[in-house]
Structures are given as C-alpha cells and as structure tokens.
Amino acid sequence: MNFLSFLISGVSLGGIYALIALGYTMVYGIAKMLNFAHGDVIMIGGYMAYTLCSTMGMNPMIGVIGSVAVCTLLGVTIERFAYKPLRTAAPLAVLITAIGVSYLLQNLALLIFGSAAKSFTSVVSIKGISLFDGELVVSGETLVTIVVSVVIMIALTLFVNKTKPGRAMRAVSEDKGAAQLMGVNVNATIALTFAIGSALAAVAGLLLCSSYPSLSPYTGAMPGIKAFTAAVFGGIGSIPGAMIGGILLGIIENLSKGYISTELSDAIVFSILIIILLVKPTGILGKKISEKV
Amino acid sequence: MKKIIALLLSAILVLVCFASCGSTEEAGNANDEAVIRIGGIGPLTGDASVYGTAAMNGAQLAVNEINAAGGINGIKVEFRAEDDVHDAEKSVNAYNILKDWGMDALVGTVTSNPCIAVKDEAANDNIFLLTPSGTAVECIDVPNAFRVCFSDPNQGVASADYIADNAIATKIAVIYNSSDAYSTGIYEKFNAQAGVKGLEIVAAESFTADTKTDFSAQIQNIKNSGAELVFLPIYCQEASLILNQAKQAGLSVKFFGCDGLDGILSIENFDTSLAEGVMLLTPFSKDAQDEATQNFVKAYRENYDEETLNQFAADGYDAVYIIKAAAEKAGITADMSASEICDALKVAMTEISVDGVTGEGITWTADGEPSKAPKAVIIKDGVYTSMD
Amino acid sequence: MKKNIKAVKPATKTSLITYAIVAVLFLIVIIMDATGAMSSLFRGLLVPICTYAILAVSLNLVVGILGELSLGHAGFMCVGAYASAFFSVLTEDTITNAWIRFPLALIIGGISAAIFGIIIGIPVLRLKGDYLAIVTLAFGEIIKNIVTVLYVGIDSKGLHFSAESSMALGLEPDGKNIIKGALGITGMPKDSNFYIAFAILLVTLIVAYNLVNSRSGRAIMSIRDNRIAAESIGINVTKYKLIVFALSAFFAGLAGVLYSHNLSSLTANTNNFGYNMSILILVIVVLGGIGSIRGSVISAIILTALPELLRSVKEYRMLVYAIVLIAMMIFNNSEKTKNLRSSISLKKFAEAKLKTRKGGTK
C-alpha cells in the first residue's frame with residue numbers, strides 16, 4: 001500500500017517535471033540552447049493565476065486561461081528581445097543571457113509580489129478518492145495532474161508528427177539552413193516553439209502550485225533544474241524522452257524519499273542519473289551522435 | 001578595442017572604490033555629529049528575504065518612534081539596513097559597508113549562519129551586536145554579542161517539556177529541515193529532551209531546502225508510524241504545505257511548532273481552517289491583547305505590509321528598544337566611539353530589564369542569552385489563542 | 001633593445017600584460033592600504049575578489065581550454081573548503097602557528113578537491129556537451145547534498161562519522177563535534193589574508209599560462225578544436241582531459257580554502273556551494289571571454305564588486321544586476337552590435353589618424 005502511495009505521488013510529481021522538461025527539450029531541439037529562464041516562467045504563471053483568482057476573485061478557469069496566455073506572450077517576448085539577437089553567438093553566451101533573464105524574472109516578481117510566500121488556491125475542484133478504507137488517498141490534484149500531463153503529451157506528439165507547423169519544427173531542429181531553403185520560416189517556427197514551451201510551463205506551474213500550494217519568487221527555480229535534469233535524462237531534444245525522463249525522475253525521487261532517506265533523495269536521484277548516462281551517454285531516448293571525421 | 005575597454009572598466013572600478021572611500025571618510029568624520037548610528041543586516045532579497053525584510057521594518061519603525069520621542073538620551077538615532085541575501089560572505093560585506101558608514105551598534109544579522117561570520121568581525125572591531133533572530137548557539141559566543149530571541153536548544157527543550165508536562169501526546173513524529181541550522185538545532189535538543197521526559201519519537205522525517213514542496217512521502221511514513229502529534233520545528237511556509245498535504249492524505253493528528261510557525265495565519269490566501277488546532281510556542285503573537293503589542297501591530301500595519309508582520313518584525317522592533325534601554329542605562333553620549341559604546345552597552349545589558357513585544361521583563365546574562373517565558377498558543381477559529 | 005621586445009612571442013606577451021595588470025592592481029592596493037585610503041568594504045572584498053578570480057581562471061581551463069561545459073565547479077570548491085576547514089579546526093590547538101597550519105590546509109584542500117576532480121573526470125570522458133554539463137551539475141549537487149547531512153566528531157577514541165545527527169555520533173563527553181550537518185563548520189581560524197590570496201592567484205595565473213603555452217596545452221586545445229584529428233595524431237585524449245579536470249579542481253579547492261578561512265561560518269547551500277555558485281563562476285568566465293585568462297580575472301573583479309557598488313539602488317539591486325548582465329551579453333555577442341562596435345572602434349580610429357599623419361609628413 002505504501003509503495004502504491006509513493007508511486008502515485010511520484011507519477012504526479014513526475015508529470016509536472018515532464019511538462020516542464022518538454023519546454024526545455026523542445027527549445028533545445030530547435031534553438032540549440034538551454035533556456036534556464038524556463039523555470040521562472042512557471043513561477044510567473046503561478047503568480048498570474050494567483051492574481052486573477054485570489055486577488056481579483058475570478059473563476060479558476062479564467063485564471064488558467066489568463067496565466068497560459070501571459071506566459072505564452074512572455075515566452076515569445078523573451079525570445080524576441082533576449083535570445084534572437086544572439087542567434088549566431090556561442091551557445092554559452094546564450095546560456096548566460098538565459099540566466100540573466102532568470103534573475104530578472106525572479107527579481108521582478110520579488111519587487112511586484114513581495115518576498116513573503118503566498119498560499120495558492122488550487123485551481124482543481126475535483127474531490128480526491130479514498131481507497132482501501134482510507135489507507136490510500138489520492139487527491140484531486142494528483143488525479144488531474146496525471147490526466148492533464150498524459151493528455152498534453154499525446155496532443156503534443158500528434159502536433160509535432162501530424163501537422164504542418166509540427167513538421168516545420170522538426171525540420172528546423174534537423175537542419176536550420178536546409179529548412180530555410182525549403183521555405184520554412186525559421187524565426188516564426190522558433191517563436192512558435194517558445195510559445196508552446198511557455199504555455200506548457202504555465203500549465204505545469206498551475207499544477208505545481210495546486211499540488212504544493214506555496215508560491216514565492218523562487219518557486220520555479222528548483223523544479224526548473226529538476227526538469228532540466230529530466231530532459232537530459234530522457235535524451236535532450238527528444239519529446240518522448242522528456243516525458244519518460246520526467247516521470248521516472250518523479251518516481252525515483254519519491255521512492256527514495258519514502259524508503260531510503262529524505263535528506264539524501266537529491267543525491268540519490270542525481271547518482272542514478274549519472275549511472276544511466278554512463279550506460280547510455282545520450283540519455284534514455286537520445287539520438288546517437290555519429291561522428292564525422 | 002577589447003583591451004582598451006577592459007582597462008577602462010578596471011580603471012573606473014578602482015576609481016569608484018576610491019570614490020566610495022572618499023565618501024566614507026566623510027561619513028567617518030561626520031561621526032562627531034550628535035547622532036547614534038544603528039546598522040541592520042538581514043536578507044532583503046533572495047528566498048529568506050521575508051525574515052530580513054520583517055526584522056528591518058520592525059527596527060526602522062522603532063527608530064522612527066524613538067526619534068519622534070526625542071531620541072536616546074536626547075540624541076537622534078539613524079538606522080541603515082543592508083542586504084546579505086542570507087549568505088555569510090555578503091553579510092560580512094554588508095557589515096563592512098555599515099562600518100564605513102560609522103555604525104555605533106548593529107541590529108543583526110537576522111539569520112544564523114551569516115550571524116556567526118559577522119559576530120567574529122564585530123568582536124574584532126569591538127562593535128556591539130544584538131541579533132534579533134539568530135538562534136544558533138554560536139551566534140553570540142563572543143562577549144559583545146547578545147540576542148533577542150530564544151536559542152535553538154532553549155526552544156527544543158521547552159517544546160518537549162510543554163508536550164510532556166501537559167500530557168498532550170506521547171507518540172511523536174517530527175518533520176524538520178535538515179539543511180537548516182535553526183530546524184536541526186531545535187530537533188536535536190527536542191529529541192534529547194523527549195528521551196528524558198519519556199516521549200516516544202516514532203518517526204523523524206526531514207526535508208532539505210531543495211525538496212521543500214513535496215511532503216507526500218514524509219506524511220505517508222508518519223501515517224504508518226501511528227504518531228499522535230507531529231512536531232514541526234520549521235518555518236511557516238513549509239508548514240503550510242505540510243498541513244495542506246496532510247489533509248489531502250487523510251492524516252489527522254495534532255501539530256505542534258516553535259516560533260518559526262508564527263505567521264502561518266498571515267500567509268496570504270492561506271486556508272486558516274487547515275491550521276485549526278495547531279499549537280505553538282512563540283514569544284510573540286500579534287493578536288495578544290497587551291497594550292505594547294497592540295500599539296506595535298497598529299503602527300506596523302500603518303507603515304508596512306501585513307504579510308511581513310511576524311515574530312521577526314517584533315524581534316527587530318524590540319532589538320532597537322533594547323539598545324535604547326541599555327544605552328540609557330549606560331549613559332551613552334554622542335561623542336563616544338563605537339568601541340566605547342560597545343564596552344558600556346556590554347555591561348548595561350546585564351543590568352536592564354526590558355518589557356518588549358516579545359516578552360515582559362526580559363533580562364540578559366553576560367553570555368548574551370535572554371531570559372523570558374515562551375507563550376504557548378493554539379490556533380482556534382483562525383486566531384492565536386493563549387493556552388495558559 | 002627594440003629587437004628584443006619584438007622577439008617576444010605573442011603568447012608570452014599576453015601573459016606579461018596580464019601579470020603587469022595584476023601587479024599594478026596589487027600596487028594600488030598596497031598604496032591605498034599604506035595611506036589609509038581604503039574603506040572597510042574594499043578591504044573586505046580583497047580576499048573574495050582573489051577567490052573568485054582563482055575560481056574563474058580554474059573553470060576557464062575546463063570551459064575555455066578544454067572546451068567542455070562544467071556546471072559543478074562549486075562542488076570542488078566545497079570539497080576544498082570543507083576538507084581544509086576540518087583540518088584547521090582539528091589542529092587549531094596543536095599547530096598554533098598559522099604560517100605552518102594554513103599552507104598545510106591549502107595543500108589538503110587542493111589535493112582533496114583534485115581527487116574529486118579525477119573521480120568526476122572519469123565519467124566525463126564518456127560524455128559530451130550538455131550530457132557532460134548535467135553530470136558535472138549532478139556531481140556538484142551530490143557533494144552539496146552529502147555535506148549538509150554529514151556529521152563528524154572527534155574524541156579520545158578517534159573520529160566518528162554519521163549521516164543522521166550529532167547525537168548519533170556517540171561522542172565521549174570530552175569529544176568535539178566538528179562538522180555539524182546543516183550548521184556546517186564554525187570557528188575556523190581567520191587565516192586567509194590578501195597577501196596569501198594574491199600569491200595563490202599569481203600561482204594560478206602562472207600555471208594556467210604555462211599550461212596554455214606548453215606542449216600539453218596545445219594538445220589540450222587540439223582536443224577542443226577537433227577531437228578526432230587530435231586522437232589520430234596520437235594525442236592521449238583521456239590523459240589530457242584528466243589533467244585539466246584535476247588541475248582545475250585543485251585550484252577551485254584552493255579557492256575554497258581561501259573562502260572558508262575568510263569567514264568563521266561555513267555551510268553548504270545553493271548560493272555558496274551549489275548550482276547558483278557554479279553558475280556565478282560560469283558567468284564570470286563567459287563575461288570575461290571564454291578562453292581568456294586575463295578576461296576571467298578582470299570580470300571576476302567587476303562581478304564581485306558590482307553587487308556591492310549597486311547597493312545604493314537598494315531593492316532594485318539584483319534587478320539592475322540582471323539587466324546589466326543581459327545587456328553586456330547582448331552587447332558583446334550580438335551580430336548587430338558587433339558591426340556597430342567595429343565601425344566605432346578606437347583602434348580603427350587611431351589607425352586612420354596615424355595614416356593621415358604619415359601621409360602628412362610625406
């Protein structure tokens with residue numbers, strides 16, 4: 001019973017990691033950059049929903065839509081003003097810029113919303129279920145998180161594989177120059193990728209804050225790093241990889257907390273990551289890089 | 001081109017440093033002016049900023065009140081707060097800035113680890129240090145350092161005593177933050193005292209600063225352990241998450257906390273029904289009916305955000321009044337140097353008794369520890385109610 | 001005489017300029033100290049500036065010279081800081097002379113960090129690019145995580161270790177708990193000072209420049225530029241990668257020793273030994289120019305002083321810092337500004353002037 005309980009909360013946490021990791025991995029696949037500000041977009045999404053629902057007292061649905069819209073806009077804006085000028089620069093320069101954007105978002109939130117943590121009202125109104133005479137309780141947030149992440153993953157896979165913009169994204173990630181020659185609008189495609197990634201981050205942020213209802217300017221930092229780990233774990237650039245990596249990471253984290261040590265759970269997660277990368281140097285589903293001589 | 005820019009920048013930097021020296025020199029000379037300078041250090045940005053902001057607001061409020069009432073021994077007081085981001089290195093930088101400014105006494109630092117680093121610097125320079133909320137034992141192990149709050153061991157022992165003496169529970173689970181000195185400090189002493197008092201610790205769960213959102217595994221383990229009471233020697237932000245997740249997981253036990261839990265009711269948008277029946281030992285409660293507390297709470301609300309009105313704000317507020325009391329006792333005058341002030345205050349601290357918002361008749365021993373009685377409060381109908 | 005100067009190799013010239021800059025800065029500090037013109041803040045910043053400069057130069061060996069991204073540099077610093085602080089607290093009563101104790105602490109800190117560098121270097125050999133970055137990040141986080149739950153004490157029966165609490169150590173009454181989990185180590189003797197820190201910075205610079213300009217350095221850079229080509233001409237990639245990792249870790253360890261002996265409280269959290277610190281060092285390196293050792297030193301000075309100089313803007317401090325960081329990155333790297341800069345370049349301006357003058361005299 002314990003195992004089942006740890007597993008379910010692990011899948012729920014992993015689902016959130018996976019949604020964030022999808023944003024990382026899509027942006028990486030297309031723009032070849034690690035968007036370290038991604039975790040902070042989550043936090044902005046949380047604050048947006050908080051402002052709309054709790055401060056202005058609107059319907060949770062409006063909060064969800066509003067926060068997704070704002071994050072999408074934010075993602076595109078960041079790309080336009082901070083990353084686009086550096087399209088041809090060294091990857092490390094873009095990485096540092098992303099870190100700068102991350103500081104910027106955190107400190108903006110600190111100035112606007114204050115340092116004190118806020119308690120987030122769950123956007124989920126479904127009641128939890130209690131099984132086996134109350135021995136196993138699955139909260140509504142957990143259920144919704146699992147369902148939403150599965151639905152989004154399926155939808156995203158279909159989008160990338162079956163639609164025209166999806167095909168354009170794959171083409172750009174394969175070879176930017178060739179895609180451009182074939183008439184793909186590279187800038188628009190990259191902007192679209194940032195839009196989708198940031199929208200996913202907003203959803204992940206809402207689920208994160210609903211399950212663990214505390215919101216501060218630093219809420220997004222740690223999940224961001226974990227999700228980045230998950231993306232690499234699954235093979236960065238690969239969409240199914242990010243999903244598997246995220247969910248596995250959540251499960252490992254929760255099981256090691258439950259059975260081994262809560263203090264060392266991070267050390268355990270990272271050790272397993274290292275071992276997996278030693279066996280499969282490009283992650284679980286990563287493409288094998290062929291070396292040109 | 002790059003070289004020129006690099007050289008230019010470093011030259012500017014050196015100049016700026018020189019310039020800042022110049023201005024501090026002036027500040028140093030200006031020390032003769034009739035004013036007492038009190039410095040404050042605490043995290044004003046970063047994830048511990050809520051504590052620092054509260055304490056510095058509280059101190060500023062006290063300084064404003066004192067100045068309005070004519071100052072200390074008729075001398076005006078100036079207060080300057082510097083940010084340390086809850087980092088020892090930055091804290092020493094902040095201390096040096098305040099020293100350049102001509103600080104006569106320090107209210108700080110707010111958090112324990114930076115405080116340990118700063119107290120050594122202050123001891124070297126012989127500047128009086130009064131930490132509002134540095135709870136670790138090592139924070140005040142120099143002669144010139146005192147504190148307003150309880151120490152960690154003090155709280156752990158008091159909590160175990162209270163639970164045992166009032167027969168609240170015998171099977172106890174603990175959730176503590178293993179990456180935080182405050183939390184581990186209380187837990188260790190609580191654990192030791194629990195053994196003495198015949199309390200059984202059935203589960204000791206922990207979390208770290210990096211894993212402070214998901215508590216489902218810890219709660220599940222506590223559920224299995226059959227604990228009657230969960231002891232939470234942690235801060236209110238994590239506690240609010242634990243209470244929420246405990247409810248979701250169907251864990252219904254009593255919760256008991258220390259002063260870090262104070263402020264849980266004022267977390268914006270927190271569902272206070274979750275905290276119903278939570279007990280805590282705290283020196284300050286903003287719903288207390290005594291006049292001093294009510295005046296402080298009213299004045300704080302007029303000037304600052306409600307969400308930082310917590311025990312830290314009260315500690316910062318009291319710290320300034322304690323310095324005032326000691327300075328008056330010692331007969332501090334404006335022409336004394338920081339070192340002379342420190343020597344005088346050190347002696348005066350052991351002779352005064354202060355009625356503040358965090359306790360009545362607080363006295364100090366030469367080792368810097370305050371002696372005051374913790375108040376046990378229980379949350380009933382969404383407000384703190386005294387248990388005594 | 002003039003000929004001699006011209007005969008100096010460009011590589012040597014680069015290093016000489018750096019030494020000259022560092023020496024001038026050193027002299028300025030000495031003069032300011034002697035004339036009493038130095039503020040406490042500036043005095044307090046001297047050791048941190050040297051520490052960050054050493055960290056940046058050592059990370060630059062991995063990022064700039066070897067061409068691998070490392071996100072766990074703070075982990076090595078952490079190992080050095082803890083190992084040496086442990087040693088110093090342990091021997092504070094037996095070795096009372098700081099001039100003997102501190103060099104020993106430096107050696108211990110550096111070597112233990114270097115050992116970790118080799119341990120981490122081994123998996124690194126199998127990985128590339130972002131996968132390597134994540135493994136270094138993971139190692140850094142593991143080190144930080146373990147250090148925060150580590151309890152070590154000593155009594156008449158020897159050393160005691162625990163990963164639970166100080167009670168679990170089971171110390172005798174005369175025992176002393178040295179590493180106290182989350183509380184870390186307290187009460188280190190304040191052995192770091194500017195002269196030692198400066199000396200170590202000089203050593204770091206000398207070693208870094210000599211490595212870059214040596215046969216090994218050229219081999220390492222050839223691995224960075226084209227690993228397969230380097231391998232095909234018989235360069236032992238494994239050996240050189242391990243050398244760089246160990247060397248870089250060694251100096252990061254030394255920086256850790258300086259850090260821990262400059263403060264009396266040592267704890268491991270995200271901001272000083274975790275991910276955030278690793279990123280901060282990386283920011284210094286990238287801002288100074290990847291591969292440029294002199295750039296690392298200069299940008300370490302700027303980025304350490306900047307947050308302190310920005311204190312006057314109060315709560316906007318970190319916001320301004322972030323904006324400055326983004327602006328500097330875009331200014332330095334964007335294509336548009338590159339064109340703009342070259343068009344207003346001072347050098348070109350000077351050359352043009354020179355040409356007209358030459359033309360005039362003719």
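Student: Where in chain B is His86(B) found?
Tutor: This is a predicted model. Strand S2 of chain B covers 76–83, and helix H3 of chain B covers 88–101. His86(B) is found in the loop between S2 (76–83) and H3 (88–101) of chain B.

Student: What phi does His86(B) have, and is the residue buried or exposed?
Tutor: His86(B) is not a glycine, yet its phi is positive, at about 60°. Most residues other than glycine have a negative phi. A residue is buried if 20 or more other C-beta atoms lie within 10 Å of its own. His86(B) has 25 C-beta neighbours inside 10 Å, so it counts as buried.

Student: Which loop of chain A holds Lys32(A), and how many other C-beta atoms lie within 10 Å of Lys32(A)?
Tutor: Lys32(A) has a positive phi of about 55° without being a glycine. Its loop runs between helix H1 (2–31) and helix H2 (38–55) of chain A. Lys32(A) is partly exposed, because the number of other C-beta atoms within 10 Å is 14.

Student: Which peptide bond of chain B is cis, and in which loop does Thr109(B) lie?
Tutor: Most peptide bonds are trans. The bond from Gly108(B) to Thr109(B) is cis, with omega near 0°. Thr109(B) lies in the loop between strand S3 (105–108) and helix H4 (112–125) of chain B.

Student: How many residues of H2(B) are buried, and what phi does Gly70(B) take?
Tutor: Helix H2 of chain B, residues 49–68, reaches 28 Å from its first C-alpha to its last, close to the 28 Å expected at 1.5 Å a residue. H2(B) is mostly covered, with 16 of its 20 residues buried. Just after H2(B), Gly70(B) takes a positive phi of about 110°.

Student: How far apart do the C-alpha centres of domain 1 and domain 2 of chain B lie?
Tutor: The domain assignment of chain B gives domain 1 as 33–150 + 292–371 and domain 2 as 153–282. Their contact takes 12 residues from domain 1 of chain B and 12 residues from domain 2 of chain B. On the side of domain 1 of chain B that touches domain 2 of chain B, 5 residues are nonpolar, 5 polar and 2 charged. The C-alpha centres of the two domains of chain B lie apart by 29 Å.

Student: Which helix gives the largest share of the side of chain A that touches chain C?
Tutor: The contact takes 38 residues from chain A and 34 residues from chain C. Helices H4 (91–113), H9 (221–234) and H11 (265–279) of chain A each supply at least two residues of that side of chain A. The residues of the side of chain A that touches chain C divide into 27 nonpolar, 8 polar and 3 charged. The largest share of this side, 12 residues, comes from H4(A).

Student: Which helix gives the largest share of the side of chain C that touches chain B?
Tutor: This contact takes 42 residues from chain C and 43 residues from chain B. The side of chain C that touches chain B gets two or more residues from each of helices H3 (40–66), H12 (293–309), H13 (317–333) and H15 (346–361) of chain C. Its residues divide into 19 nonpolar, 17 polar and 6 charged. The largest share, 7 residues, comes from H12(C).

Student: Which element of chain A has the lowest mean pLDDT?
Tutor: The mean pLDDT of chain A is 86, and 97% of its residues reach 70 or more. Among the elements of chain A, helix H3 (residues 60–83) has the highest mean pLDDT, 92. The lowest, 74, belongs to strand S2 (residues 129–131) of chain A.

Terms used: Residues numbered from 1 in each chain as written. Chains lettered and ligands numbered in written order. Predicted model: local features only at pLDDT ≥ 70, side-chain atom pairs only at ≥ 80, totals over all residues. Contact = placed C-beta atoms within 7 Å. Helix = DSSP H or I, 4+ residues; strand = E, 2+ residues; numbered from the N terminus. Nonpolar A, V, L, I, M, F, W, Y, C, P; charged D, E, K, R; others polar. pLDDT = per-residue confidence, 0-100. Domains from an automatic or database assignment. Expected span 1.5 Å × (residues − 1). Buried ≥ 20, exposed ≤ 12 C-beta atoms within 10 Å, placed from the backbone.
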